[in-house]
Amino acid sequence: MERATAKLTATKETPLLRQMRRIWKYRLLYALLLPAFIWVFLFDYLPLYGISIAFMDYNAIQGFSGSEWVGLKYFRMLFESEMFLNAFKNTLLISLYKMISGFICPILLALALHEIRVAWFKKTLQTAVYLPRFVSWVVYGGIITLLLSPETGVINKIIEFFGGHPAYLLVEPAYFRTILVVTDAMKEMGWAAIIYLAAIAVLNPEVYEAAIMDGASRFQRIVHVTLPGITGTIIVIFILRVGYIMSAGLDQVINLYNPMVFEVGDILDTYIYRVGIEQFSLSLAAAADVIKGAIGLVLMLAANQIAKRINDSGIF
């Protein structure tokens with residue numbers, strides 16, 4: 001009788017009531033998530049109202065209500081500006097190079113660390129490659145500047161040892177993008193490899209044992225067992241990186257570039273900083289930021305759809 005009553009009560013529940021009961025059941029878990037939701041709302045969604053600055057002749061004294069709406073005026077100004085177009089081109093190139101190196105290097109590093117069998121050496125190496133991630137670009141940029149110094153830098157000493165001539169590489173446009181890509185990979189790949197190591201750690205060890213019994217070499221096990229096992233993780237990370245393709249690294253570039261490499265080193269982030277903060281043209285800077293965000297969103301959605309069509313591994 002009681003079972004029949006409970007079943008009758010369950011059938012009378014509306015979807016909303018059922019959802020409320022589920023929320024109440026897991027109320028403590030939702031309470032733990034609440035601070036994160038508040039943070040995201042305050043610092044990610046609430047500031048979206050500021051996008052309207054891009055469509056008005058914004059005056060900080062008059063505010064949003066007193067500023068005149070001008071439509072797409074500042075967007076037209078951007079696409080007529082050679083400086084913006086140059087920054088846009090540099091951003092795409094540098095981000096593309098960084099995405100390739102920052103995507104491949106952590107995977108190779110994670111595979112190499114996974115194959116190390118000496119525990120103490122593996123832990124020491126992991127710590128060594130993680131550490132640069134916790135150093136700010138102000139400090140890291142100073143170290144790079146010292147290493148590349150034409151007089152006392154280690155790199156130039158090596159070049160001299162092999163009969164070459166020292167050069168201040170940071171002021172050479174031909175080398176600047178390469179320096180950005182290499183130093184970014186050196187700083188970030190240890191931290192990025194953690195995700196792939198975690199994905200490798202949960203793979204079924206019986207599959208490795210079966211591969212060994214079949215006579216597979218270590219390289220064959222990597223190619224046919226490890227890499228297919230972490231394909232889903234690789235695709236998700238790739239999609240997320242595509243979403244940030246319009247962010248070429250403000251902290252890094254602003255600490256390393258100089259007027260000599262301005263043509264190849266100026267990116268959208270430094271352009272927005274210079275126009276918005278130094279020149280105080282907030283509407284123009286906001287318009288550039290809207291373009292940057294819109295392109296990143298479109299690219300991420302496109303990459304997600306392509307990934308879902310290939311092997312149904314999209315992030316949403």
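Leu284 touches Tyr74, Met77, Leu78, Tyr271 and Val275 when residues up to four places away in sequence are left out, a contact being heavy atoms within 4.5 Å. The model is predicted, so local features need pLDDT of at least 70 and side-chain atom pairs count only at pLDDT 80 or more, while totals for chains, interfaces and linings use all residues. Residues are numbered from 1 along each chain as its sequence is written, and side-chain values use heavy atoms, with hydrogens and water left out.

**Nonpolar cores**

Leu284 is also one of the residues with the most contacts inside the largest nonpolar core, which has 27 residues, the others being Leu78, Phe84, Ile239, Tyr271, Ala287 and Ala288. Such a core is a set of buried Ala, Val, Leu, Ile, Met, Phe, Trp, Tyr and Cys residues joined through side-chain atoms within 4.5 Å; buried means under 20% relative accessible area, exposed over 50%, and partly exposed in between, with a 1.4 Å probe and protein chains only. Two or more residues of this core come from each of helix 5 (73-79), helix 6, helix 13 (231-243), helix 16 and helix 17, and helix 17 gives the largest share, 9 residues. Helices are DSSP runs of H or I with at least four residues, numbered from the N terminus. A second, separate core of 22 residues includes Phe103, Ile116, Tyr196 and Ile234.

**Aromatic pairs**

Rings of Phe, Tyr and Trp (its six-membered ring) pair if their centres lie within 6.5 Å, with planes under 30 degrees apart counted as stacked, over 60 as edge-to-face and the rest as tilted; by this rule there are 11 aromatic pairs. Phe84 and Tyr271 form an edge-to-face pair, 5.7 Å centre to centre with 65 degrees between the planes. Phe84 lies in helix 6 and Tyr271 in helix 16, so this pair ties together parts that are 187 residues apart in sequence. Both residues are buried, and together with Phe79 and Phe88 they form one aromatic cluster.

The rings of Phe134 and Trp191 have centres 5.5 Å apart and planes at 85 degrees, so this pair too is edge-to-face. Phe134 stands in the loop between helix 7 (119-130) and helix 8 (137-147), and Trp191 in helix 10 (residues 173-201), 57 residues apart. Phe134 counts as exposed at 58% relative accessibility, whereas Trp191, at 39%, is partly exposed.

**Charged side chains**

The structure holds 6 salt bridges, each defined by a side-chain nitrogen of Lys or Arg within 4 Å of a carboxyl oxygen of Asp or Glu. The table lists some of them.

| Salt bridge | N to O distance |
|---|---|
| Glu115 and Arg218 | 3.3 Å |
| Glu188 and Lys187 | 3.7 Å |
| Asp269 and Lys292 | 2.4 Å |

Asp269 lies in helix 16 (residues 268-278) and Lys292 in helix 17 (residues 282-311), so their pair ties together parts that are 23 residues apart in sequence; both of these residues are buried. Glu115, Arg117 and Arg218 are linked in a network of salt bridges, in which Glu115 is buried at 14% relative accessible area and Arg218 is partly exposed at 41%.

Lys187 counts as buried at 3% relative accessibility, while its partner Glu188 is partly exposed at 24%. The charged end of Lys187 also sits over the ring of Tyr140, 5.9 Å from its centre, the rule being that NZ of Lys or CZ of Arg is within 6 Å of the ring centre and within 35 degrees of the ring normal. The charged end of Arg27 likewise sits over the ring of Trp24, 4.2 Å from its centre.
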